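Please walk through the local features of the model shown here. Start with the backbone, then turn to side-chain contacts and strand pairing.

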Amino acid sequence: QVQLVESGGGLVQAGGSLRLSCALSGSMFRMYTMGWYRQAPGKQRELVADITRGGITYYADSVKGRFTISRDNAKNTMYLQMNNLKPDDTAVYYCNRPQLVARPEYDYWGQGTQVTVSS
């Protein structure tokens, strides 16, 4: 089964920056739209940003102008540069394929990476 490995989280003060990485096993990475999701305590998981295989990006309104999603197909890796972090950005961040996440029966996630923003 395809493996998703997220990394780069940590504890940062408000206004700080972090860069998350997502490594996807397998040779088909370049063909997929990939997305970053996050889940805060007591809240549903939400899509933060995604990027098509052609590099077209989408951002949730809450992160627009602060976060930048990118990908390196040669490395099977996706990134999320997070700037001007806010306490509301505190969550576990996951990567996945939006096309699969949209399926009701789909429930495969990596371990995620914790981002904690202190005020």
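Asn76 is buried, with a relative accessible area of 18%. Buried means under 20% relative accessible area, exposed means over 50%, and partly exposed lies in between (1.4 Å probe, protein chains only). Asn76 sits in the loop between strand 7 (67-72) and strand 8 (77-82). Helices (H or I, at least four residues) and strands (E, at least two) are DSSP runs, numbered from the N terminus. Asn76 is not a glycine, yet its phi is positive, about 50 degrees. Most residues other than glycine have a negative phi.

Asn84 also has a positive phi, about 50 degrees, and is not a glycine. Asn84 belongs to the loop between strand 8 and strand 9. With 43% relative accessibility, Asn84 counts as partly exposed.

This is a predicted model: local features need pLDDT of at least 70, side-chain atom pairs count only at pLDDT 80 or more, and totals for chains, interfaces and linings use all residues. Residues are numbered from 1 along each chain as its sequence is written, and side-chain values use heavy atoms, with hydrogens and water left out.

**The disulfide**

The structure holds one disulfide, a term for a pair of cysteine sulfur atoms within 2.5 Å. Cys22 and Cys95 form it, with their sulfur atoms 2.0 Å apart. The pair links distant parts of the chain: Cys22 is in strand 3 (residues 18-24), Cys95 is in strand 9 (residues 91-96), and 73 residues separate them. The link of Cys22 and Cys95 is right-handed, with 70 degrees about the S-S bond. Cys22 is buried at a relative accessible area of 0%. Cys95 is buried too, at 0%.

**The aromatic cluster**

There are two aromatic pairs. Rings of Phe, Tyr and Trp (its six-membered ring) pair if their centres lie within 6.5 Å; planes under 30 degrees apart count as stacked, over 60 as edge-to-face and the rest as tilted.

| Pair | Centre to centre | Angle between planes | Class |
|---|---|---|---|
| Tyr37 and Trp109 | 5.2 Å | 85 degrees | edge-to-face |
| Tyr94 and Trp109 | 5.7 Å | 70 degrees | edge-to-face |

Ring pairs link Tyr37, Tyr94 and Trp109 into a cluster. Tyr37 is buried, with a relative accessible area of 6%. Trp109 is buried at 18%. Tyr94 lies in strand 9, so its pair with Trp109 ties together parts that are 15 residues apart in sequence. Both Tyr94 and Trp109 are buried.

**Strand 4 and its partners**

Five of the six residues of strand 4 are buried, so this strand is largely enclosed by the rest of the structure. Strand 4 pairs with strand 5 (residues 46-51) in the antiparallel sense over five bridges. Two strands pair if DSSP finds at least two bridges between them. Arg38 has Glu46 of strand 5 as its bridge partner. The hairpin of strand 4 and strand 5 has six residues between the strands, and Gly42 there takes a positive phi near 75 degrees.

Strand 4 also runs antiparallel to strand 9, joined by five bridges. Gly35 has Asn96 of strand 9 as its bridge partner.
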